Amino acid sequence: NCLTLKKSNCKNCYKCIRHCPVKAIRFSGNQAHIIGNECILCGHCFVVCPQNAKEIVDSTEKVRVLIQSGDPVIVSLAPSFVANYDGVGIVAMRNALQKLGFADVEETAIGATIVKTEYERMLSEEEHDIIITSCCHSINLLIQKYFPAELPYLADVMSPMQAHCLYIKKRIPNAKTVFIGPCVAKKDEAEYYEGIVDAVLTFEELTNWLKDERIALEQQIDTNTESRARFFPTTGGVLKTMAKNAPGYTYIALDGIENCISALKDIESGKIHKCFIEMSACVGSCIGGPVMEKYHHTSPIKDYITVSEYAGKDDFDVPTVPPAELKKHFTMIEHRLAQPSEMEIMNVLRQMGKFKPSDELNCGSCGYNSCREKAIAIIQGKAESSMCLPFLKDKAESFSDTIVKNTPNGLIALNENLEVQQINAAARKIMNIRSESDVLGEPVVRILDPTVFMQVKSTGRSVRDQRTYLAEYKKYVRQTVVYDPDSRMLVGIMRDITDEEIDRDKKAKINKQTLEVADTVVEKQMRIVQEIASLLGETAAETKIALTKLKESIENE
């Protein structure tokens, strides 16, 4: 658990999967997860993560506790320190670290001398077809987890860190040892092989600790002719310190996990014999380590020259260590999941929209080298179908195209120069345009009055549901025009309301006619009423006269 993840920072970029040489990362629930039993702790994911979502577990507090215990705590300082801390030698480092409370600081290169001497003895006294150096813990894990058949070729020798810390503990009673270097994997190595290295700090942790304590490193470079092993952190550095006189052997230095994997495959196929192979997981070896002050060191040539100028011509004066004391036993680490069947792989490929070989782009955007490799990862629960960028793009485009093509509304998209970028079938129907190729890239003024588009572009305010008559097309539309500042596009949405307008005109005419008829009827009715009233008025008058006369006649009698 040397590498952890800050979940909130993971942004679905898949960069860690893309750069992981053994694909030991599982992606689930929009988060990347490091698969511990598959990881070889090369630290690539830590280096490339753009969001700093990968964190190296900090051991500073653990080291503080060791110092407070009262036992002497001795630092084994990786020889790459001279490339990490410009212009600072071992004496200046010792002075600074003693201010932190360490009893002493020694160079891991002393352990490197012990190890390279053991390599020379193995070549001269033992029968070996191939020897692979065991200095790099990431390479050891790579062979243990992915190339177990090559374990017999891996030198059963401690790493320089372990050899040096063992040497310290032999010399100093009750000593505690702390390794400081540019490597993530060393933390795991120290934990797994207990009792040799008590804690591991990275250069980054040390720098932060010195900064917190306001301790400045002196610009002071010392010289030491007995320091040839200081070459160890460079590519070929192990070979540079060795005699290389074993008869019949070819000496080879490889750096970078991809190169090492290729070599291991060749060894597995039986193509390589009588070789001594120095393998380093990091390009440039340890001076290209993942914690060579991340973001600051990107100068492999400069760093190599720095190490070369600091290294001496002779070996450190170290005692002869019995081979048995340097033995290190490597075993296979089982991790592999069951290989899915061809039918299962094909089913997953179809889920990702890959129905034929030409659909398998193998673009690597998901982080995997091929679509089949990605399909296997999905079956093994390490990946999700949605991680396929072409699949998502096609799906999104298909969905949006379906909407654009089938919506009854006319859609037209313009760039800031008011040139047509997209137009759908409904819009072409409104404007009697035969093919979109006739207008794509052309100024909108060719087909529409650009006034409303110019107005929206200049003001930034949308126009919504504006009733407009397109005289040239004899069409009525309800028009909405919006501006998207992110894409710098103007989008026009037109709804053909010509039929509605015609219906409305018809209704208006009918209503008018109805009103006219009603007015005529009312007028006639009034005339009739007036005539009836007139007749009724005359009859009433005559009746009144007759009745009056009748009344007078009766009264006279």
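Visitor: What covers the buried residues of helix 18?
Guide: The cover includes strand 12 (410-414), strand 14, strand 15 and strand 16. Keep in mind that this is a predicted model.

Visitor: And which residues of helix 18 are buried?
Guide: Val-452, Phe-453 and Val-456, in a helix that covers residues 451-459. They span an arc of only 100° around the axis, so they sit on the same side of helix 18.

Visitor: Why would residues a few places apart point the same way in a helix?
Guide: An α-helix has 3.6 residues a turn, so residues three or four places apart point the same way.

Visitor: What follows helix 18?
Guide: Gly-460, with a positive phi near 80°.

Visitor: OK, on to those strands. How do strand 14 and strand 15 run, parallel or antiparallel?
Guide: Antiparallel, with 6 bridges joining them. One of the pairings puts Val-463 across from Val-481 in strand 15. The two strands form a hairpin with 4 residues between them, and Lys-474 in that turn has a positive phi of about 50°.

Visitor: How many bridges are there between strand 15 and strand 16?
Guide: 8 bridges, again in the antiparallel sense. Arg-478 stands opposite Arg-495 in strand 16. Strand 15 and strand 16 form a hairpin too, with 4 residues between them.

Visitor: Which residue in that turn has a positive phi?
Guide: Arg-488, at about 55°. It's a residue other than glycine, and its place is in the loop between strand 15 (475-484) and strand 16 (489-496).

Visitor: Is Arg-488 buried or exposed?
Guide: Arg-488 is exposed, because its relative accessibility is 53% and the cut-off is over 50%.

Visitor: What about Asp-465, where does that one sit?
Guide: In strand 14, which covers residues 463-470. Asp-465 has a positive phi near 50°, and it isn't a glycine. Asp-465 also counts as exposed, at 53% relative accessibility.

Visitor: Changing topic: how many cavities of 30 Å³ or more does the structure hold?
Guide: There are 4 of them, and the largest cavity has a volume of about 420 Å³.

Visitor: Which residues lie nearest the centre of the largest cavity?
Guide: Cys-135, Cys-136, Lys-186, Ser-285 and Cys-286, out of 30 residues in the lining.

Visitor: Which elements supply at least two residues of that cavity's lining?
Guide: Helix 6 (109-125), helix 7 (137-146), helix 8 (160-171) and strand 11 (275-280). Strand 11 gives the largest share, 3 residues.

Visitor: And how does the lining of the largest cavity split by class?
Guide: 20 nonpolar, 8 polar and 2 charged.

Visitor: What's the volume of the largest pocket, then?
Guide: About 610 Å³. The pocket is lined by 21 residues, and the closest to its centre are Val-22, Tyr-146, His-335, Arg-336 and Glu-373. Helix 7, helix 12 (257-268) and helix 15 (371-379) each give two or more residues to that lining.

Visitor: What's the class breakdown for the pocket lining?
Guide: The lining of the largest pocket has 10 nonpolar, 4 polar and 7 charged residues.

Visitor: What comes just after helix 5?
Guide: Gly-101, which takes a positive phi of about 115°.

Visitor: Last one. Where is Thr-4 found?
Guide: In strand 1, residues 3-5. Thr-4 is partly exposed, since its relative accessible area is 29%.

Visitor: What is Thr-4 in contact with, leaving aside its neighbours within four places in sequence?
Guide: Ala-53, Lys-54, Glu-55 and Val-57. If you want a reference distance, the C-alpha atoms of Thr-4 and Leu-201 are separated by 16 Å, and these two residues are 197 residues apart along the chain.

Methods: Residues are numbered from 1 along each chain as its sequence is written. This is a predicted model: local features need pLDDT of at least 70, side-chain atom pairs count only at pLDDT 80 or more; totals for chains, interfaces and linings use all residues. Side-chain values use heavy atoms; hydrogens and water are left out. Buried means under 20% relative accessible area, exposed over 50%, partly exposed in between (1.4 Å probe, protein chains only). Two strands pair if DSSP finds at least two bridges between them. On a 1 Å grid over the protein atoms alone, a cavity is a set of points where a 1.4 Å probe fits but cannot get out, and a pocket is an open set with protein on both sides within 12 Å along at least five of seven lines; lining residues have an atom within 4 Å of a point. Grid points are joined across faces, edges and corners, and a volume is the space filled by probe spheres set on the points. Ala, Val, Leu, Ile, Met, Phe, Trp, Tyr, Cys and Pro count as nonpolar, Asp, Glu, Lys and Arg as charged, and the others, Gly among them, as polar. The arc is that of the directions from the helix axis to the C-beta atoms. Contact means heavy atoms within 4.5 Å.
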